[in-house]
Amino acid sequence: MTKYVFVTGGVTSSLGKGITAASLGRLLKARGLRVVLQKLDPYINVDPGTMNPFEHGEVYVTDDGGETDLDLGHYERFIGVSLRRDSNVTTGAIYQSVIRKERRGDYLGATVQVIPHITNEIKARIRKLGDDDQIDVVITEIGGTVGDIESLPFLEAIRQMRKDVGRENTCYLHVTLVPYLSTSEELKTKPTQHSVAELRGRGIHPDIIVARSDRPVDDAVRRKISLFCDVDSDAVINAMDVSNIYAVPIAMHEGGLDEVACRILSIETSEPDLASWQSMVERMDKATEPVKVGLVGKYVDLPDAYLSVYEALRHGAMANDARVEVEWIAAEDVDGLLADSYLDGLDAILVPGGFGIRGIEGKIRSIRHARDHGIPFLGLCLGLQCAVIEYARSDLGLGDAHSAEFDPMTSNAVIDLMTDQRDIEDKGGTMRLGVYPAKLRDGSLARRLYGEPLIYERHRHRYEVANRFRIDLEAAGLIASGVSPDDRLVEIVEAPDHPFFIASQFHPELKSRPDDPHPLFVGFVAAALARKRALATSAEVSHKAVAEPPT
């Protein structure tokens with residue numbers, strides 16, 4: 001029978017429930033179990049697709065086109081499994097489904113209430129993951145913190161799950177904070193005690209407590225938490241702050257998390273095989289050569305808006321035994337007399353996806369800078385569109401070239417709304433979403449990087465390169481090296497006369513994994529390192545020539 005682990009959090013948000021859930025998933029998978037993860041979000045939006053990135057961070061897109069919470073990115077990167085839209089459930093989606101059923105008459109005229117109708121819908125979404133694919137363990141994270149009014153239906157639903165599927169098939173894991181007070185020079189357990197008391201007041205008795213701290217929790221503190229929170233002493237797992245999130249599963253295993261979880265769930269397995277994961281973490285930690293990448297974006301004040309991009313850069317750097325240093329550059333700043341000063345000294349430039357006209361000219365200026373100075377460039381989604389606009393203006397002489405998204409009146413809309421998007425009114429969940437194929441041109445940079453003629457990548461966009469400009473753009477040196485199988489849509493553009501200039505209409509960062517880095521990011525970082533080393537060698541030769549003039 002499928003086992004269920006429920007991860008809750010207390011005291012404060014951003015404690016790392018997602019990383020804890022993902023780490024446990026990695027450990028259980030390493031024990032040979034089939035694992036899937038899920039995030040229950042208490043907000044009333046149906047999904048994060050229409051939410052401001054400053055509010056929510058990035059939107060993570062699944063293979064089947066679900067617009068989901070960024071924690072699903074952590075889940076996929078840790079367990080190496082492609083999740084579905086069912087792995088992200090919001091209050092809005094639950095109520096939308098229940099109201100739709102009520103309108104159809106599915107409830108036969110009964111009064112629709114939070115209990116049992118809302119809680120039954122939540123439980124059905126949880127059990128569906130286990131039932132569909134015969135999964136061994138479903139790990140469900142409940143967003144927010146215990147005590148939030150929005151989370152109450154979710155907490156009630158997971159409380160009922162133990163009654164529905166049996167005590168031996170459920171495990172409640174609570175993540176809490178153990179702060180250090182410098183005035184008294186001690187770790188304080190009261191926040192944990194109060195958080196657990198709140199959770200128990202909702203009818204949920206935690207089986208495991210993961211204690212977050214910035215320093216080790218000693219045995220005395222662990223025993224105190226065990227006593228006052230009524231959990232086994234070995235079920236109090238210390239999760240200290242670490243510099244590399246991919247080291248968390250190793251630390252959790254050393255703390256006994258997976259062993260305790262298996263005991264509670266009556267699961268008998270062999271010890272986890274973490275050799276390859278450990279090797280990956282060690283390789284990442286040992287990399288010392290820095291490579292400086294300028295990320296020119298609209299939402300750089302909240303790096304979580306580009307979380308998958310940042311992680312993919314780390315993966316690409318690790319594959320090159322390097323350490324990436326991201327310069328977060330606000331696109332609006334790269335538009336004026338001092339624009340180039342923000343871009344000087346970079347080893348590479350990346351322009352990520354986004355929406356809205358703010359900062360567009362700065363992104364275009366950054367791309368021009370990369371072209372003029374031979375700096376490796378990688379564009380993602382909107383980054384491709386900006387590259388096309390820049391080429392059209394600079395090389396085709398179309399001064400008003402733009403995207404119809406930003407200038408509907410332009411006579412040269414080199415980026416235009418896709419045909420099947422023209423009559424759509426609702427903004428949520430209606431873009432070109434999910435995995436689509438692309439065929440790669442023989443001899444192109446894209447073909448060399450991928451090593452195969454046909455690829456499948458995740459998309460999230462409404463606008464595309466206007467086909468009437470494709471011939472002129474290719475003549476100017478910007479080739480379409482990746483297109484849809486029917487040749488109708490441009491998927492990748494590149495400039496063969498540049499050391500490394502490539503952009504994708506899709507989001508390759510969503511499929512990059514720490515133990516399987518994405519080829520576009522591997523090639524991008526490799527090009528940045530090559531340029532950096534070449535400049536260093538050139539500078540060294542010049543210095544020697546000055547120091548030792550010919551006789």
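**Strands, helices and pockets**

Me: Which residue of β19 is the bridge partner of Ala 438?

Reply: Ile 455 in β19 is the partner of Ala 438. This is a predicted model, where local features need pLDDT of at least 70 and side-chain atom pairs pLDDT 80 or more, while totals for chains, interfaces and linings use all residues. Residues are numbered from 1 along each chain as its sequence is written, and side-chain values use heavy atoms, without hydrogens and water.

Me: How many bridges pair β18 with β19, and in what sense?

Reply: β18 (residues 432-440) and β19 pair over 8 bridges, in the antiparallel sense. Pairing takes at least two DSSP bridges. Strands are DSSP runs of E, at least two residues; helices are runs of H or I, at least four.

Me: And β21, how many bridges join it to β18?

Reply: 2 bridges join β18 to β21 (residues 479-483), and these strands run antiparallel. Leu 440 has Gly 482 in β21 as its bridge partner.

Me: Switching to helices. How do α1 and α10 cross?

Reply: The axes of α1 (residues 17-30) and α10 (residues 257-264) come within 10 Å and cross at roughly 75°. So α1 and α10 are roughly perpendicular to each other (65 to 115 degrees). Axes are lines fitted to C-alpha atoms over the stretch in contact, with angles from 0 to 180 degrees between N-to-C directions.

Me: Which residues make that contact?

Reply: α1 brings Leu 24, Leu 27 and Leu 28. α10 brings Leu 257, Asp 258, Ala 261 and Cys 262. Contact means heavy atoms within 4.5 Å.

Me: What classes are they?

Reply: The contact of α1 with α10 has 6 nonpolar, no polar and 1 charged residues. Asp, Glu, Lys and Arg count as charged; Ala, Val, Leu, Ile, Met, Phe, Trp, Tyr, Cys and Pro as nonpolar; the others, Gly among them, as polar.

Me: New topic. What lines the largest pocket?

Reply: 42 residues line the largest pocket, and the closest to its centre are Ser 14, Leu 15, Gly 16, Lys 17 and Asp 71. A pocket is an open set of 1 Å grid points where a 1.4 Å probe fits, with protein on both sides within 12 Å along at least five of seven lines; lining residues have an atom within 4 Å of a point.

Me: Which elements give two or more residues to that lining?

Reply: Among them are α1, β2 (35-41), α3 (71-79) and α12 (307-319). The lining of the largest pocket divides into 18 nonpolar, 12 polar and 12 charged residues.

Me: What about the second largest pocket's lining?

Reply: 35 residues line the second largest pocket, with Gly 49, Gly 354, Phe 355, Met 431 and Arg 460 nearest its centre. α14 (382-394) and β19 (454-461) each give two or more residues to this lining.

How values were computed: Angles under 35 degrees count as roughly parallel, over 145 as roughly antiparallel, 65 to 115 as roughly perpendicular and the rest as oblique.
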